[in-house]
Amino acid sequence: MALLDVIAPKEKVFVVAHDWGAYIAWHLSLFRPDKVEALVNLSVHYLARNPMGDIVKLMEDAYGEDYYMFRFQKPGDMEGKIATDIGTKTFIKKFLSHRKPGPFYFPKGTGYNGDSKDSPLPSWLSEEDLDYYSNKYEKTGFTGPHQLLSSSSFNMEAYGTLDRSSGFLDFIHNGEFQKFVPLLQEVVVMEGVGHFITEEKPDDINKHILSFLQQF
């Protein structure tokens, strides 16, 4: 909000977000609809608040202690294991090219979903980009900070059918998504694309975003 107060103190803005950024953007629209004209979220649909507990504990209960969100709560712990098991560069490559259904697991002693082997570089990811990401995460680490109902701004959502997130297509098509986000205007489901749709299909994503925003 402080950033918006500086760059657009009197105007509403268009917001485009992905993954955990999408989670934040949903709530920006929810709590400050006066600041958001329209919202485009990628890969993460609106998640209604669960009053039973915080999200880290809920995910641990659902997926176990090897679930990525739980494993990254202790600063430096996973970074050390990644460096020992497979190395940061291989880890980043496997993370970005993940195609297996279901959530991310980091079993102890194996590094990534039970597999410590290297994997080929996806066609959409360059060696230069991989080196950039790897160098940044080697300096900063991976561990981040710890951490109803409908938005008043217009929304568009985009997903890839090969995304690791489970159950999202049912959520979209059974009416639940529209119930939580009544101003949902468009949902784009991209065939044969994984979670990082901005990397895999940047031109298609840009066209969808521009087409949506031009309505305003």
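I take a crossing as left-handed if the near helix is turned anticlockwise from the far one by less than a right angle, and as right-handed if clockwise. Helices (H or I, at least four residues) are DSSP runs, numbered from the N terminus.

Entry 1, the model. I note that this is a predicted model, in which local features need pLDDT of at least 70, side-chain atom pairs count only at pLDDT 80 or more, and totals for chains, interfaces and linings use all residues. Residues are numbered from 1 along each chain as its sequence is written, and side-chain values use heavy atoms, with hydrogens and water left out.

I looked up helix 6 (residues 88–96) and helix 7 (residues 127–140), whose axes come within 9 Å and cross at roughly 120°. Axes are lines fitted to C-alpha atoms, for helices over the stretch in contact, and angles run from 0 to 180 degrees between N-to-C directions. I recorded that helix 6 passes helix 7 in a right-handed crossing. Helix 6 contributes T88, K89, I92, K93 and L96 to the contact (heavy atoms within 4.5 Å). Among the residues of helix 7 in this contact are L130, Y133 and Y137.

I found G141 following helix 7, with a positive phi near 80°.

For pLDDT (the predictor's confidence in each residue, from 0 to 100), the chain mean is 82, and 88% of its residues reach 70 or more. Over residues 145–152, pLDDT stays under 50. Where pLDDT is low, the predicted coordinates should not be read in detail.

Note on methods. Helix = DSSP H or I, 4+ residues; strand = E, 2+ residues; numbered from the N terminus.
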